[in-house]
Amino acid sequence: MPRLILKKNDVLVREFEFDRSKTVFMVGADVENDLVVDDENISSKHLKVERINNSFYLQIINTAFPTQFNGRPLLRRVQIVDGDEITLGEYSLLFRHDKTPLPAANYDEDLEIIGADDPVNVFEFDPTEPVQTPPNLNENIVFEQAISSQSDSSEIIDLPKLSDAFVTGTGKDDNGVDISEEKHSDYYLLAIHGPYIGKRYPLKRGDTKIGRDNTLNDIIIRNNEDGVLDPSVSRRHATVSYRNGQFFVTDKRSKTRTFVNQTKLEPTDEVVVHEGDEIEIVSDQKSTIFRLTRTDVSDFRSPRKAGLWWVRYSGRLFVLLSLVSIVVAAGAIGLYVKNQKAISQKPEQLKLVEEVWFLAPASLGDRLTTATLAVSDLDGNGQVDIVFTDTENHLTALDGVTKTKLWQNTELEVRYDIPIVLADLNKNGLQDVLVVGLDGRLHAYDGANGAEIWLSPILGEAVSGPPVVDDFNDDGLNDVAICSQAGDIHIGYGSVFEVNWKRIATQFSFKASPSCADLDDDGQNEIFIGTEDGKLLTVTEDGNVAILNLSEKINEAAGEVGKRHVLRKPAAFGDLDGDGVPDMIAGSVAGDFLAMSGLTQRPIWHEKLHHASLFTEQNFAPVVGKLNDDNFDDVVLVTNQLIRVVAGSNDAGNPKPVLWDYYVDAEDYFVAAPALADFNKDGSNDVIIAARSGTVSVFDGKSGKI
């Protein structure tokens, strides 16, 4: 009975027998898999095992975590046989199948039989050892290790005196002639195109065999340009034979065939080749083209006789494309200057034009009013894209140009009440997507294609809000912090291959999301979280937690005693007094805002915003940015009914100058925190905010005019 034996650190966990009634079996951390391996370093759907007839094939579904097959990275689909071992972090899977059919091959036809009626090209790993240098060689022979990534074990021989050189061979040729002491000819095959370009291969005075199998051939064409096995090249692909002073080329019934000077060889053909002729070993990835030359000729020019037309004329194409590129570049520069001029010019009249990208069915009512979305250039094409939770709570990304789906994840149900966070997690210069799932985990996806980057451990009870992303340990990689309402702080430290998670347990209750800044000016960001009883926690890089009683600070500034201030919004940071160090602005549920010096924690100003009694939570998180022409950061304070902009100032006599206010009727209250951007191109940020009625208003940052 075929089965997988699951072990953790060599300790048996369980044995999984394959159900005869099924052909596809899934392995991963999700409970819906056939074989569940519950570990934070294993993807929800990690591996797929497929049965075709009596053969089994393994395929990796998610590459976020390193997976090895028999000690080598698992990159593609591969056939598994009895004794193969798969490694997933601390776990290993041993495949046992006493009746595994051995792959067979007919060397005359070169057909790799890996399972009857199997239509799939199976990825192979190179299990062979490097070719050993034969003993007792003529001392004039210099062996050079083939320059190839991964496992290209062929050796290239540089023979200064080919007529006197000998190479020890193994076995006999197709005619039974012993070639163990066979002389080389005075000719080479030069690789002039393809993965092996730049290499020279000597031709024998007999048969020189070309193919993928390094035990059957003299010239080994095995890997593609990425150093990965190219299965489209046959094990025995072609042979170059020397007889009666001439070279002949035959194709050994290869899968993709052999060409001589664009002439396709049939299995029965034997074509004479002369000096300068070109032989193409065809691949469905990138073909290898050889040129036949004498030993004293090194003609590595691009192909002239073999290959597709664009290969043969690549030199001329390069010159032509260079000229075209110069013309296009000149036009692009002109267009750029024109666009920059248009971008920098102040518009006569600012207009917002509505454009429908996604329309939910009418039967869903107001369900989309609770959806969350974020915008950024996800695919690097210079246009803003949108990622949002759709009507089924699935994550969907829309292309900013075509308004069609970039990608969609239908496996995860997203917590639509927690905002989507965008950040570059894998250092590719593009924004990636962070969401909280209904499974209680934080999920990270590549913004360009939706592939899972990593998955957090289960975060316990409901999280308090979205995560904050920044470099907390100054290693150049983004880290993540998120809190649970039960009082746990989860910090994920980014590394090259995975995220290392740390949990800090506190006695507090959180309903605020964390934020971060370097307030102590030590070059490393601290994490800040407000609590339900008015405390502000500061978490340093080493995991230490400092507690500030913000309720007392607010009461002192407001002239009140004993009032508890609930903190449910993230703190904001900016240089309000011009000392070069970020200051902090925090707000309470009751509408109190306190600005404090980042260095001394002394209050800079306090502001109380009044509200209508129908709202239980009146304020949104403060927003910081430059809204006027000075060098200080300004603060936008928003309740459900009021926008107030407080300018930054270093005037001790007037530390809280108010730039402008805007009130809205209680029946048409604000529904979200504002965003800042320079809409009218005057060099300062403006304020954009949405109201319950569906209206979107843009306020001039300096004057407050709509």
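## Rings, charges and strands

Let's start with a close-up: the charged end of R200 sits over the ring of Y188, 4.7 Å from the ring's centre. "Over a ring" here means that NZ of Lys or CZ of Arg is within 6 Å of the ring centre and within 35 degrees of the ring normal. R243 does likewise with F248, its charged end sitting over that ring at 4.5 Å from the centre.

A quick word on what you're looking at. This is a predicted model, where local features need pLDDT of at least 70 and side-chain atom pairs count only at pLDDT 80 or more, while totals for chains, interfaces and linings use all residues. Residues are numbered from 1 along each chain as its sequence is written, and side-chain values use heavy atoms, with hydrogens and water left out.

Now step back to the whole chain. It has three helices and 54 strands (DSSP runs numbered from the N terminus: H or I of at least four residues for helices, E of at least two for strands). Of its 706 residues, 48% count as buried, meaning under 20% relative accessible area, with exposed being over 50% and partly exposed in between (1.4 Å probe, protein chains only). Take contacts (heavy atoms within 4.5 Å) between residues at least 6 apart in sequence: 43% of them join residues at least 24 apart.

Back to the rings. Searching the whole structure turns up 13 aromatic pairs. Rings of Phe, Tyr and Trp (its six-membered ring) pair if their centres lie within 6.5 Å; planes under 30 degrees apart are stacked, over 60 edge-to-face, and the rest tilted. One of these pairs is F18 with F25, edge-to-face at 4.7 Å centre to centre and 75° between the planes. Both F18 and F25 are buried. They also belong to a cluster, in which ring pairs link F16, F18, F25, F56 and F95.

Another edge-to-face pair joins Y201 and F290, at 5.8 Å centre to centre with 90° between the planes. Y201 lies in strand β18 (residues 200-204) and F290 in strand β27 (residues 288-294), so this pair ties together parts that are 89 residues apart in sequence. Y201 and F290 are both buried.

What about cysteines? The structure holds zero disulfides, a disulfide being a pair of cysteine sulfur atoms within 2.5 Å. C483 counts as buried at 1% relative accessibility, and C516 counts as buried at 15%.
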